[in-house]
4 protein chains.
Amino acid sequence: MRAATFSDGAVRLVERPAPVPGPGEVRIAVTLAGICNTDIELLKGYMGFSGIPGHEFVGVVDTAPEHPELLGRRVTAEINLGCGDCPTCRTSGPRHCPNRTTLGIAGKDGAFADYLTMPAALLHPVPDNVGDAAAVFVEPLAAALEPGQQLHLRADMSVLVLGDGKLGILCACALRRLCPGLVLAGRHQAKLAIAAGQGVAVRRADVAALRREFGRFDVVIEATGRPEGLADALDLIRPEGTIVLKTTTFAATPVNMARVVVDEITLLGSRCGDFRLATAYLRDGLVDVAPLVEATYPFDAFPEALAAASRQGAMKVLVDLRRR
Amino acid sequence: MRAATFSDGAVRLVERPAPVPGPGEVRIAVTLAGICNTDIELLKGYMGFSGIPGHEFVGVVDTAPEHPELLGRRVTAEINLGCGDCPTCRTSGPRHCPNRTTLGIAGKDGAFADYLTMPAALLHPVPDNVGDAAAVFVEPLAAALEPGQQLHLRADMSVLVLGDGKLGILCACALRRLCPGLVLAGRHQAKLAIAAGQGVAVRRADVAALRREFGRFDVVIEATGRPEGLADALDLIRPEGTIVLKTTTFAATPVNMARVVVDEITLLGSRCGDFRLATAYLRDGLVDVAPLVEATYPFDAFPEALAAASRQGAMKVLVDLRRR
Amino acid sequence: MRAATFSDGAVRLVERPAPVPGPGEVRIAVTLAGICNTDIELLKGYMGFSGIPGHEFVGVVDTAPEHPELLGRRVTAEINLGCGDCPTCRTSGPRHCPNRTTLGIAGKDGAFADYLTMPAALLHPVPDNVGDAAAVFVEPLAAALEPGQQLHLRADMSVLVLGDGKLGILCACALRRLCPGLVLAGRHQAKLAIAAGQGVAVRRADVAALRREFGRFDVVIEATGRPEGLADALDLIRPEGTIVLKTTTFAATPVNMARVVVDEITLLGSRCGDFRLATAYLRDGLVDVAPLVEATYPFDAFPEALAAASRQGAMKVLVDLRRR
Amino acid sequence: MRAATFSDGAVRLVERPAPVPGPGEVRIAVTLAGICNTDIELLKGYMGFSGIPGHEFVGVVDTAPEHPELLGRRVTAEINLGCGDCPTCRTSGPRHCPNRTTLGIAGKDGAFADYLTMPAALLHPVPDNVGDAAAVFVEPLAAALEPGQQLHLRADMSVLVLGDGKLGILCACALRRLCPGLVLAGRHQAKLAIAAGQGVAVRRADVAALRREFGRFDVVIEATGRPEGLADALDLIRPEGTIVLKTTTFAATPVNMARVVVDEITLLGSRCGDFRLATAYLRDGLVDVAPLVEATYPFDAFPEALAAASRQGAMKVLVDLRRR
C-alpha cells in the first residue's frame with residue numbers, strides 16, 4: 001500500500017505491506033484524512049515519532065475477521081489504544097493509559113496510508129448524513145467539546161475562547177450550545193467571520209477592550225496555539241476562575257504563578273474528547289465544519305498538503321486517499 | 001507608637017501616631033506577630049509595598065467604640081478587607097474582592113507595630129487553651145488547610161506534599177486529617193522529623209524513589225517555595241490529577257504545558273483559608289505548631305528578626321511587641 | 001382589561017383595571033399564554049392561590065416608563081420576583097428567594113389577562129425566528145433543561161427520562177444534546193413518536209424490559225407526573241446514581257428509603273431553569289416544540305381551554321389573547 | 001464453635017463447625033462484636049436474612065494459609081465482599097457490587113461466633129493504642145464519616161445533625177472536624193451531653209427554635225432512626241441544600257416531594273464508609289467512642305445482649321467472645 005512516513009524530520013512517500021488486523025482488530029481502507037498541528041510537531045521531532053502519522057480520518061472497514069457485521073461500514077475511530085489491564089484503563093478508560101499507543105502519534109501507524117488497523121471497540125460508525133470531509137472532524141470536534149466534559153459549564157457562566165484558529169473556532173461553535181453568551185476573540189477578520197456565521201459572538205483579541213466590555217470571565221479557553229496566549233488568558237480570567245488549556249506547546253511556557261496562586265486560578269489541560277458526542281453534533285448540524293476546510297489534496301501530493309497545512313494561519317488541509 | 005516600615009527596600013523602626021479605628025473597626029494592641037516569606041518578598045519590592053508590614057498576629061482589642069463587648073478580647077483577624085459592595089464581595093466574600101486592601105500587604109498597615117486597626121467583622125477570638133505563639137499560626141494554618149476547602153479531598157486519595165518548609169509541614173500535618181495516607185517529601189531530615197513526630201509519613205524528595213514506591217499521586221501539593229518544584233510535581237502527578245500550587249513565586253515559572261495538556265492535569269492556585277477551621281484545629285490539638293517556631297525576638301530587634309527569617313531554610317520567627 | 005381568575009376552586013372571566021407598572025417594571029400586552037399542570041393544581045387549591053394565574057407567555061411591551069428602549073419588544077419573562085436584598089438573592093439570584101412572588105403562582109397576577117407587569121430585568125427578548133407559540137415554551141423548556149444546569153451531565157452517562165408527557169418529551173429532546181445515548185420511556189405510542197421524530201431513542205415504560213436492555217442507569221429523570229413514578233425510577237437507577245425529580249406531586253409520596261440509603265442514591269428536586277439557554281435552543285432549532293401544541297383557544301373560551309388542558313394525557317393548550 | 005443464628009425471627013445459640021478460609025481468605029477469632037440496629041431489623045425479617053449476624057467486630061487472625069504475615073494481627077474488616085469482576089467492582093470498589101455478600105447481613109456468616117472468615121484484602125489492622133471496644137466502632141464510625149466522603153463539606157457550611165442516637169452522636173463528633181460550626185439536635189439530655197462533652201454544639205430538637213436561632217441549614221444529616229425525621233429535616237434545610245439520609249427505614253417513608261422539587265433540594269442516601277479514615281480518627285483521638293458503650297455481655301448471654309440493644313434509646317451493646 002501507499003504510505004507517508006515521518007523519520008528524522010523527513011517526509012517520505014513509500015510502499016509498504018498493508019497491515020494485518022490483530023486480535024480484536026479490523027482493517028480500514030482510509031478514505032480521507034486531516035492534517036493536524038500535532039502532525040507538524042511530530043515531523044519536527046515531538047515525541048520522537050518515527051512511522052506513519054495521521055489520526056483524523058474516515059474510512060471503510062474492509063477486513064474484519066472477528067466482526068463480519070462491520071464489513072463495509074463507514075467509520076472513524078478513537079485514537080488511544082489502552083492496554084485494557086491497568087487501573088487507569090479499568091476505571092477511566094484508555095485515554096490516559098500509561099501503556100497506551102496512539103494512532104499516528106505514538107507506537108501505532110496512522111491514517112496517511114491506504115490502510116490502517118484498529119480495535120473494533122474503538123470504531124464509531126458515521127451517520128449517513130455526515131459527509132466524508134465532515135467525518136474527518138469527529139476527532140478535533142471531540143477535542144473541542146472536551147472542556148464541557150471536564151468542567152460543568154452552566155449556561156450563566158461567562159466564557160471566552162481565545163484564538164481563532166481551527167481549534168478555537170470549533171471550541172466556540174461547539175461550546176456555545178452550553179453557554180449561549182460565549183465570546184470568541186481572535187486576530188483574523190476572515191476566521192472570526194466563520195464563527196460569526198454560525199452565531200458566535202466574536203471580538204478582536206484586544207485584552208483591554210475585552211476587559212472593558214465584559215469584565216473578567218468565569219472561564220477562558222486558551223486555544224491560540226501560541227505560548228503567549230496564556231498570559232492574555234491570565235489577564236482575562238476572574239479570581240477563582242478556570243483557564244482551559246487547549247494549546248499543546250512543546251516549549252516550556254513561562255507562567256506568572258503569583259497571579260495563579262494569589263487569585264486561586266485553575267489551569268486545566270484539555271486534549272481528546274468523546275467521539276459519540278462529536279458525531280451527534282455533526283449529524284444534528286450543531287456545528288458546520290465545512291468552512292474550516294482550506295483544501296483537499298490527493299494523497300500523492302502529501303508533501304504539498306503538509307506544506308499547505310504548515311503555513312501560518314492555515315485552516316484544515318485534507319488528504320484524499322481515493323484520488324491519484 | 002513603635003512601628004517597622006518597609007520602603008524602597010529598606011526596613012526602618014519609627015515612631016508613628018497610633019491608628020484610630022474607622023467606622024466598624026476596632027483597635028488591637030499587637031502581642032506577637034510572625035514573619036512570613038511574603039514579608040521578605042515585600043521588602044524586595046513585591047507589590048510595590050510601602051508601609052507597615054505584618055499579617056500574622058495575635059493581639060488584644062483595646063479600643064472598640066462600636067463593639068464594647070470586644071474590649072479586652074484576645075484575637076486574630078482575617079487579612080483581606082473587601083469593599084463589601086462588589087459582586088465578588090456579595091457572592092464569595094472579601095478574599096478575592098478586586099478593591100480589597102490586605103493587612104500588611106496592600107493598602108493597609110500591618111502588625112509590626114504596637115497597634116493596628118481592623119473591621120470587627122474580621123476578628124476571630126482565640127480560645128483560652130491556644131497560646132499566643134500558636135495563635136500567630138492561625139493565618140498560615142488556614143492557608144495550609146485551604147486545599148481541602150478548594151478540592152474535595154477524599155480519604156482514599158493518594159496525596160503528596162512536596163516541600164518541608166513551614167508551609168509544607170503545616171499542609172501535611174493538617175491535611176492528613178482528611179487523607180490518612182498522605183506523604184510529605186522534603187530534603188531536610190530535621191524538618192521532616194517535625195512532621196513525622198505528628199504522625200505524617202515522610203520521605204526524601206527523590207522523584208524516582210517516590211515513583212517506585214507510590215506510583216503517581218492523585219493530588220500533589222507544591223509547597224517547595226522554589227520555581228523548580230512544579231517540574232517535580234508534574235513528574236509525580238497522575239493523568240487527570242491535580243497539583244495545588246502553594247508556592248508564591250514572583251518570577252515567571254517555566255511550565256511543561258504539553259504534559260499538562262496531554263495528561264489533562266489541573267493546576268490550582270491556593271492562598272488564604274478559613275480562620276474558624278484553623279482556630280478549631282489549634283484548639284483541638286489537631287496540629288502542633290510549637291516545633292515550627294525557630295526564635296522569638298523583641299520588637300526592637302525587628303531587623304535582626306527579619307535577617308533570621310530570611311536565612312535559607314529558616315522556620316517561623318516571631319516578634320514580641322510586649323518585650324523591649 | 002379581560003382577566004381570568006381562580007378563587008375558591010372556581011374560574012371566572014372578569015373585567016379588571018389594567019395593572020400599572022411599579023418602579024423598575026414594564027407593562028406587557030399578553031399575546032399568547034400556555035396552560036401548565038401547575039395552573040390546574042392551583043385551581044384545586046395548591047398554594048392557596050387566589051388571583052390571575054398564568055406563567056408561560058409571550059407578549060409585547062406596551063408601557064415602559066423607565067425603559068423606553070423596550071417599548072414594542074416581543075418578550076417572555078422569568079417568573080420568580082426576588083426581593084433583591086436577602087442573602088439568597090445576593091448570592092444565587094431570585095429563584096429561591098424566601099420572600100419572592102411568582103408570576104401567576106404566588107402573590108403576583110399572571111398571564112391569563114390582557115396585560116401583566118414585570119420588572120424589566122426579568123424580560124427576555126424573543127428572537128425574530130421564534131414564533132409566538134414557540135415562545136410560550138421558553139419557560140417549560142428552561143425547566144426541562146434545568147437538570148443539565150444542576151448536574152454535570154457528561155456525554156458518556158446513561159440517562160433515562162421516565163414519562164412521555166409534555167415535560168418528559170421536552171426533557172428528552174433537550175437533554176439528549178448533552179447525552180446522545182439518552183432514552184425516553186413512556187406509555188403512549190403517539191407521544192413517544194413526537195420525541196422519536198426529533199431523534200430521541202424511545203421505549204415502552206416497562207421496567208423489566210428496560211433493565212434487560214440497558215441495565216441500570218446513571219441518571220433517571222422522573223417526569224411521569226405520577227407519585228408512583230419514583231418507585232420505577234428507584235428500580236432503574238444504579239447504586240450511587242441520581243434521580244432527578246421533575247414531578248411536582250402535592251400529595252406525600254411514599255419512598256423506599258432503605259433502597260435510597262443502602263445504595264447511596266441521590267434524589268434531586270428540579271424546577272425552573274435558565275431562560276437564555278432555552279431561548280437559544282428555540283432560536284437554533286435544537287428542540288421543536290410545535291408538535292407539543294394540542295390546541296389554541298381564544299381567551300374568551302378560557303374555561304374550555306382549561307377543561308381541555310385538564311384531560312388526562314393532554315398536551316399543551318394555548319390561550320390566544322388577541323382573538324375574541 | 002459457638003455461634004448465634006437468626007432464623008424465622010428466632011435467635012438461637014448453637015454449635016457449628018468453625019469456618020475454613022477460602023482462597024484469599026483468613027480466619028479470625030472474634031474478640032468483641034457490637035450489636036447494630038441493622039441486626040435487630042434482620043431479626044425482624046429485613047433482607048430475609050437467615051444465618052449468623054454481626055458486622056461490627058474486632059478479632060485476631062488465627063489461620064492465614066496465604067498470608068502468614070497476618071497471623072496474630074488484631075484486625076477489623078470491611079463488610080462488603082464484591083465479586084471483583086463486575087464494572088462496579090472495577091470502577092468504584094466492592095461497596096456497591098450487585099453480586100456482593102455482606103458480612104452478617106447478606107450471604108456471609110458474621111461476627112456473633114467464635115470465628116469468621118474474610119478476604120485478607122478487606123482487613124484493617126488495629127493500631128496498638130486503640131482498645132478492643134473502640135475497634136468495634138471502626139465500622140459505625142466509618143459510616144458516620146461517609147457524608148464527608150460523598151459531599152464536599154467546607155468549613156463555612158452550616159450543618160445540622162438530627163438525632164442523638166449512636167449514629168447521630170458519631171456523625172456530629174466526627175464531622176465537626178470538617179465543619180466547626182456543626183450543631184447536633186436531639187431529644188435526650190444525657191445523650192446530647194455525650195456529644196457536648198466532646199465539643200459539639202448541641203440543641204433540643206425543636207424545629208421552630210432551631211429555625212429562629214440558625215435559619216435554614218446548608219446540610220442536614222438525618223440520623224433520627226425514625227421515618228418522621230425527614231419531615232423535620234425538610235423544615236430545616238435551605239433551598240438547594242442537601243439532606244443526608246443515614247436512617248435505614250424499612251417501611252416506605254412519605255415525603256413532601258413538592259417541597260423537594262420546588263426548592264430543588266437534594267436527598268442523598270449514605271451508608272458505609274472508609275475504614276482507614278475511621279481507624280485514623282480513633283488512633284488520633286479525634287472521636288471518643290467510650291461513652292457510647294452501654295454494656296458488654298458475655299457471648300453466652302447473647303439473647304440478653306440483644307434484648308438490651310433493642311430497648312428504645314439503647315446505646316451500643318457489645319458482646320465479648322472471650323468471656324464465658
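In the predicted model, A:E264 and B:R95 form a salt bridge (a side-chain nitrogen of Lys or Arg within 4 Å of a carboxyl oxygen of Asp or Glu), with the closest N and O atoms 2.8 Å apart. The count between chain A and chain B is 3 salt bridges. Local features require pLDDT of at least 70 and side-chain atom pairs pLDDT 80 or more, whereas totals for chains, interfaces and linings use all residues. Residues are numbered from 1 along each chain, chains are lettered from A, and side-chain values use heavy atoms, without hydrogens and water.

The contact (heavy atoms within 4.5 Å) takes 36 residues from chain A and 36 residues from chain B. About 2700 Å² is buried between these chains, 58% of it from carbon and sulfur atoms; buried area is the accessible area (1.4 Å probe) lost on being put together, summed over both parts. A:H96, A:V261 and A:E264 supply 24% of the area that chain A buries against chain B.

Strand β17(A) and strand β17 of chain B (residues 266-269) run antiparallel and are joined by 3 bridges, with A:L267 opposite B:L267. Strands are DSSP runs (E, at least two residues) numbered from the N terminus, and two strands pair if DSSP finds at least two bridges between them.

Between chain B and chain D, 21 residues of each chain are in contact, and the buried area is about 1600 Å², with 54% from carbon and sulfur atoms. In chain B, the most area is lost to chain D by B:Q149, B:H152 and B:R177. This interface has 4 salt bridges; B:R177 meets D:D284 in a salt bridge at 2.7 Å, N to O.

Technical notes: Buried area = accessible area lost by both parts, 1.4 Å probe. Helix = DSSP H or I, 4+ residues; strand = E, 2+ residues; numbered from the N terminus.
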